[in-house]
Amino acid sequence: MLKVGLTGGIASGKSVVGEMFVALGAHLVQADRIAHSLMQPGEAVYNEVVRHFGREILNPDGTVNRAKLAEAAFGPADAPAGQRASRIAELNRIVHPIVIRSQDEWMRAIGLQDPNAVAIVEAALILEAGAAHHFDRLIVVTCDAEQRVARFATRQKINLEAARTEVERRMAAQLPDEEKIKAADFVVDNSGSLDHTREQVLQVWSKLNPKR
């Protein structure tokens, strides 16, 4: 089995690229979905997050309001950078170890089902979490800055100005694309058309799984 990490900055198009690999025969799990399931009421991660960030991040039904949690972790745009970094690190210390363990368990299960599988973990913070060594190959998805903002605005249904502020705030907590590219085995530039992205995915797939 080949273990592959799929990463990239916010709104770069990781999920689109991941779906393309699945269509070719890869197995894929999204770290974000793992984290979401671990933050359900009653889970250990949920309890720790609430303890550290307060019940203000909860919806009336007791579930985590992800927008409120993001606001608590990333802080307002005018907050001191050091203060924002401290709170983000606090959240990551709670969430990352268990998410990484869950990813490893998922890849192990896939390997037992199919020893020739290509198992892909889509996660924004593979490098930031120090988890690159859990994978045999690393794919980084990139796109240009304005496309990132436009895609985020569309996804969140907000205007471009608000999207730009939020993207910049979140990107400040991530490694720049230039650093991620240095660590990558493969880079998929998602700045162009979907057809162009798909061509790159096919090229990468031929190297990940040459028998198919």
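The model I am reading is a predicted one. I then checked how α1 sits on the sheet. Helix α1 packs there, with contacts to β1 (2–8), β2, β3, β4 and β5. Its direction makes about 155° with that of β1.

**Entry: the sheet**

I looked up the pairing between β2 and β3 next. Strand β3 covers residues 118–122 and runs parallel to β2, with 4 bridges joining them. Then I traced the strand order. The sheet is open, has 5 strands and reads β2-β3-β1-β4-β5. Its pairing is parallel. I asked which strands stand at the edges. They are β2 (27–30) and β5. Each has a single partner strand, so one side of each has no neighbour in the sheet. From one strand to the next, the twist averages 20°.

Strand β4 (residues 137–142) pairs with β5 in the parallel sense, over 4 bridges. Opposite Phe-186 in β5 I found Ile-139. Which side chains of β5 are buried? Along residues 186–189 the side chains alternate. Phe-186 and Val-188 point to one face and are buried.

Helix α9 lies across β1, β3, β4 and β5. It runs at about 165° to β5.

**Entry: aromatic pairs**

I searched the whole structure for aromatic pairs and got 1. The rings are those of Phe-21 and Trp-205, with centres 6.3 Å apart. Their planes stand at 50°, so I logged the pair as tilted; over 60 degrees would have been edge-to-face. Where do the two residues lie? Phe-21 is in helix α1 (residues 14–24), and Trp-205 is in helix α9 (residues 194–208). The pair therefore ties together parts that are 184 residues apart in sequence. I checked burial for both: Phe-21 is buried, and Trp-205 is buried too.

**Entry: α6 against α7**

I took the helix pair α6 (residues 145–156) and α7 (residues 160–171). Their axes come within 8 Å and cross at roughly 115°. That makes α6 roughly perpendicular to α7. The crossing is right-handed.

I listed the residues that meet. From α6 they are Glu-146, Arg-148, Val-149, Ala-150, Phe-152 and Ala-153. From α7 they are Leu-160, Ala-163, Arg-164, Glu-166, Val-167 and Met-171.

**Entry: positive phi**

I noted two residues here. Lys-157 lies in the loop between α6 and α7. Its phi is positive, about 60°, although it is not a glycine. Is Lys-157 buried or exposed? Its relative accessibility is 77%, so it counts as exposed.

Ala-11 sits in the loop between β1 and α1. Ala-11 is not a glycine either, yet its phi is positive at about 60°. Ala-11 comes out at 7%, and the cut-off for buried is under 20%, so Ala-11 counts as buried.

How values were computed. Residues are numbered from 1 along each chain as its sequence is written. This is a predicted model: local features need pLDDT of at least 70, side-chain atom pairs count only at pLDDT 80 or more; totals for chains, interfaces and linings use all residues. Side-chain values use heavy atoms; hydrogens and water are left out. Buried means under 20% relative accessible area, exposed over 50%, partly exposed in between (1.4 Å probe, protein chains only). Two strands pair if DSSP finds at least two bridges between them. Rings of Phe, Tyr and Trp (its six-membered ring) pair if their centres lie within 6.5 Å; planes under 30 degrees apart count as stacked, over 60 as edge-to-face and the rest as tilted. Axes are lines fitted to C-alpha atoms, for helices over the stretch in contact, and angles run from 0 to 180 degrees between N-to-C directions. Angles under 35 degrees count as roughly parallel, over 145 as roughly antiparallel, 65 to 115 as roughly perpendicular and the rest as oblique. A crossing is left-handed if the near helix is turned anticlockwise from the far one by less than a right angle, and right-handed if clockwise. Contact means heavy atoms within 4.5 Å.
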